Structure formats: C-alpha cells, structure tokens
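Welcome! Take a moment to look at the sequence and turn the model around before reading on.

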Amino acid sequence: LFSRAARLSRVDFHRPDRIIGKTTAQSIQSGLFWGVVAMTEGLIARIKGELSLPDVKVVATGGLAPLFGAACPELTNIDSDLTLKGLR
C-alpha cells in the first residue's frame, strides 16, 4: 500500500496495543495483524468442520508464529522451526 498511495507510510508488523487505531499507522497495523488472526481462525474452523474433527491440534510454524500464538487460541502448538527440523 505504501508504495502506491502518497499518504500511507510503511509500518512495522507487530501486535498493536489497541484494535481500533488512533492514527493511520496504528489502523494499518491493526488491520494487518487482526486480519491475519481472523483469517487464520476462519480457516481453522472451516477445516475442522470439513474434516469433522473438532479436537484436532493446530501447529503454527514459521518466523511469525510466536507473534500470533497468543492472539489465536485455536493455535495449540507454536514451533517456529518445525520446517527446518523436518528438513534436518
């Protein structure tokens, strides 16, 4: 967004203090973070429903997994290095 819109600046990706931002940058951060959380929760719910497995364990992996772990209770396990462990 920031490269094509004259008035939008680049923002750091982290969990915002508030859901409703008081500035444009805070609003962008909130939309990015909570949008990913909502998307993740929605996908997990749909997959569980399709598989009829309500108690399935969900593992988040990758560098940003710890960032979302506390915000998304559906993520039962957080392992940032799972892919690397599998390759090893």
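The paragraphs below go from the overall picture to a few single residues.

First, a word about what you are looking at. This is a predicted model, in which local features need pLDDT of at least 70 and side-chain atom pairs count only at pLDDT 80 or more, while totals for chains, interfaces and linings use all residues. Residues are numbered from 1 along each chain as its sequence is written, and side-chain values use heavy atoms, with hydrogens and water left out.

Let us start with the architecture. The protein contains three helices and two strands; here helices (H or I, at least four residues) and strands (E, at least two) are DSSP runs, numbered from the N terminus. What is the radius of gyration of the protein, and what does the globule rule give for 88 residues? The radius of gyration is 16 Å, well over the 12 Å from the rule, so the protein is more spread out than a compact globule. That radius is taken over C-alpha atoms, and the globule rule is 2.2 Å times the number of residues to the power 0.38. Along the principal axes, the C-alpha atoms fill a box of roughly 45 × 35 × 25 Å.

Now for the surface. Of the 88 residues, 20% count as buried. Buried means under 20% relative accessible area, exposed means over 50%, and partly exposed lies in between (1.4 Å probe, protein chains only). The accessible surface comes to about 6,700 Å², and carbon and sulfur atoms hold 57% of that area. These areas come from the Shrake-Rupley method with a 1.4 Å probe, and for residues only the protein chains shown count as cover. As for charge, there are 11 positive and 8 negative side chains, and the centres of the two sets lie 8 Å apart. Lys and Arg count as positive and Asp and Glu as negative, with His and the chain ends not counted; the place of a charge is taken as NZ of Lys, CZ of Arg, CG of Asp or CD of Glu.

Contacts tell us how the chain meets itself. A contact means heavy atoms within 4.5 Å. Among contacts with a separation of 6 or more, 29% are between residues 24 or more positions apart.

Next, look at the helix α1 and the segment before it. Pro16 lies in that earlier segment and is buried, with a relative accessible area of 10%. Leaving aside neighbours within four places in sequence, Pro16 is in contact with Gln29, Ser30, Phe33 and Trp34. Pro16 and Ser27 are 11 residues apart in sequence, and their C-alpha atoms are 8.9 Å apart. Asp17 also belongs to the segment before α1 (24-51). Is Asp17 buried or exposed? With 81% relative accessibility, Asp17 counts as exposed. From Asp17 to Ser30 there are 13 residues in sequence and 8.6 Å in space, C-alpha to C-alpha. Ser30 is part of helix α1 and is buried, at a relative accessible area of 4%. Not counting residues up to four places away, Ser30 touches Pro16, Arg18, Ile19, Ile20 and Gly35.

Thr24 and Ile47 are 23 residues apart along the chain, and 34 Å separates their C-alpha atoms.

Moving on, Ser52 sits in the loop between α1 and β1 (59-61). Most residues other than glycine have a negative phi. Ser52, however, has a phi near 55°, a positive value in a residue other than glycine. At 58% relative accessibility, Ser52 counts as exposed.

Our last stop is Asp79, in strand β2 (residues 77-79). A polar atom of the Asp79 side chain lies 3.1 Å from the backbone nitrogen of Asp81. Apart from neighbours within four places in sequence, Asp79 is in contact with Ala60, Thr61, Gly62 and Lys85.

Key
A polar contact is a pair of N or O atoms within 3.5 Å; within protein, one must be able to donate a hydrogen and the other to accept it, and residues adjacent in sequence count only if both atoms are side-chain atoms.
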